[in-house]
Amino acid sequence: MSTVDTVIDRGRGMTTEQLLLLVVGLGAFLLLGDLIIGILNGTYSISRVARYVVEGTLYGLIIGLAGIGLSMTYSILNFANFAHGDYVTSGAFFGWGVTYLVAGWGAASFGHLVLVAPQRGVGGAQLEIAITSTPFAIMAGLLVAGIGTALFVYLIDRIVYKPMRGSGGIPLLITSIGVAFALRYIIVFVYSNRTRGTTLGGLPSFDLLLVDGWVSIDVHDGTLIVAAVALMLGVHLMLQRTKLGKAMRAMSDNRDLALVTGIPTEQIIRWTWMIGGGLAGSAGYLMVLWTGTIDWQFGWLLLLLIFAAVILGGIGSIYGAIFGGLIIGISMHLSMVWLPGGDFTTITAFLIMILVLMIKPSGLFGGKTTA
Amino acid sequence: MSMLDVNGLDAGYGDLQILSDVDLTVAEEEYVVIVGPNGAGKSTAMKSVFGLTTYMGGSVEFREEEITGRTPDEIIHQGIGYVPQNDNVFASLTVEENLEMGAYILDEVPEDALESVYDQFPILRERKDQKAGSMSGGQQQMVAMGRALMLDPDLLLLDEPSAGLAPDLVDEMFDHVDAINDNGTALLVVEQNAKKALRRCDRGYVLVQGQNRYVDSGDALLNDEEVRQQFLGG
């Protein structure tokens, strides 16, 4: 057979999937090439690109952290929980109420502080809330965001999901949309719909001069990195080393077998909700610390990106969720090199998700369930 | 007095009745096999003992205690273990983690039980850090049996331990099953390899259309002209 025939044969054997991979790969290559050439000839500022990568990583950590819980409940209960974004918001409000209370004890009424200043008046800036000035208030807030949300999510499971155990993915999914709406408007009812600033500006930061400009990482960025990485590491160790974690993985592998092996499945489900919820609450708290603002629907808006990250990474895998979160976060911010920014970056997130699903429908970490 | 005493059991799934008036006994340390044509309700009978079917009547007594209506983890506490036929390992867990799961109801992993499982299935010790899902069918079956042995059950229910194995591995699997019985664990085994199973067991049941048809010692069933003609292929 001549070389030409071989080439033709290979061409015939190429599936649309491979063609797509080729096109996507080529596109990615061109963009990367443009980025490198642009940086080299000065069209794109190095420090600006570096800032995008840093911001994207931070955003990705939040998405990934929140995504772990979504992925865990998906792999063990087999349904996509649309209320997860509102768990994120709830946790942020629980935690920030405590932070306001600790940082501003006596500066305003108890109600004003615990409801995170629903009306104008004393707010985060006046209370000088920052990890440097009020470290204890922030640590207490993060703790309450985690534990409070865990208990809150457990309560929701008992009231809403437990009676429906075993009714299949679709009824549970639709129910969770209802839970999401109910939660969101209860949040508006309790905490008001005002968007408010929560932290002090002008924080101390670590600045790095990068050829043509500064890249700075302030103390809240640092706090986010440390807390998020610690929590992710904690989940990893929990899943790999503890009896509970192994049972969670066992259950995500095969629920019926877990039952006949004597694993108390109901107890594992409870812990899954609580751990997933606690991580969602922590992610919400950290997001508010990072952005410096809180409002009633930021978790809901974040949910679509969390879904994109989790699906991209392979739903059911916590490592996929973390990895997917970072990919989504970084590519969203990096796309601002070409796009005008703002909501346009969302296009990037979902475009990447769509492309990954077309090429590898089970997600990047798909098929490997790691709870 | 028998250890397991199933009396006039009616059971099935939902509204569908599969078993009617099934009697079944297993004595301490006895090796009992259930054979019969496809769809006869062999697996259903076994699952009913473990509380995995819809109970419709009759009784299942273990050591003179009624166990119908109990959940699997309660039945495990009583001293009964169960190895399902398919998908019987946690694929993404390592071999050792699979074994640990078998002892979940205990506060700590029983090291002596783990050692004795490894002694019984040396290949599992060799591969203890390998993911169970990446092992061969025969090895997965050993993982599944090992997991059920972690609590040292008095009665072990095995659903077709030789199913899907290469012919040369079938005898090896039967040897492992014999060894479990030799250690004092009573067995209730469902088998497709009827002749091989009947040759090794103490007693056999032939189940047809959800009812007991023949009960006798393994040898007697093998030599029964009618049983041979109808169920053992001559």
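A salt bridge here is a side-chain nitrogen of Lys or Arg within 4 Å of a carboxyl oxygen of Asp or Glu. Keep that cut-off in mind for what follows, and remember that this is a predicted model.

**Salt bridges**

Take B:Arg63 and B:Glu28: their side chains form a salt bridge, with 2.9 Å from N to O, which falls within the 4 Å limit. Where do the two residues sit? B:Arg63 is in the loop between S4 and S5 of chain B, while B:Glu28 is in the loop between S2 and strand S3 (31-35) of chain B, so the pair ties together parts that are 35 residues apart in sequence. Searching the whole structure turns up 14 salt bridges over all chains, and two of the count lie between chain B and chain A. Here are two pairs with their N to O values.

| Salt bridge | N to O |
|---|---|
| B:Arg63 and B:Glu28 | 2.9 Å |
| B:Glu100 and A:Lys246 | 2.7 Å |

**Where chain B meets chain A**

The B:Glu100 and A:Lys246 pair brings us to the contact between the chains. There, 23 residues of chain B are in contact with 19 residues of chain A. Together the two chains bury about 1700 Å², and carbon and sulfur atoms give 62% of that area.

Two elements of chain B, helix H2 (72-78) and helix H3 (95-102), each give two or more residues to the side that touches chain A. H3(B) has the largest share, with four residues. Sorted by class, that side of chain B has 14 nonpolar, three polar and six charged residues.

**The four-stranded sheet**

Now for the inside of chain B. Four of its strands make an open, antiparallel sheet in the order S2-S1-S4-S5. At the edges are strand S2 (16-26) and strand S5 (65-66) of chain B, each of which pairs on one side only. Strand S1 (residues 4-13) and strand S4 (residues 54-62) of chain B are joined by seven bridges in the antiparallel sense.

**The six-stranded sheet**

Chain B also has an open sheet of six strands, S6-S7-S8-S3-S9-S10, and its pairing is mixed. Its edge strands are strand S6 (80-83) and strand S10 (211-217) of chain B, each pairing on one side only. Neighbouring strands in this sheet are turned by 15° against each other on average, ignoring direction. S3(B) pairs with strand S9 (residues 203-208) of chain B in the parallel sense over four bridges, and B:Val33 stands opposite B:Gly204 in S9(B).

Which helix touches S6 and strand S7 (155-159) of chain B? That is helix H6 (residues 137-149) of chain B, which packs on the sheet with its direction at about 165° to that of S6(B). Helix H7 (residues 167-182) of chain B lies across S3, S7 and strand S8 (186-190) of chain B, and runs at about 150° to S8(B).

Methods. Residues numbered from 1 in each chain as written. Chains lettered and ligands numbered in written order. Predicted model: local features only at pLDDT ≥ 70, side-chain atom pairs only at ≥ 80, totals over all residues. Heavy atoms only, no water. Pairing = 2+ DSSP bridges. Contact = heavy atoms within 4.5 Å. Buried area = accessible area lost by both parts, 1.4 Å probe. Nonpolar A, V, L, I, M, F, W, Y, C, P; charged D, E, K, R; others polar. Axes fitted to C-alpha atoms, helices over the stretch in contact; angles between N-to-C directions.
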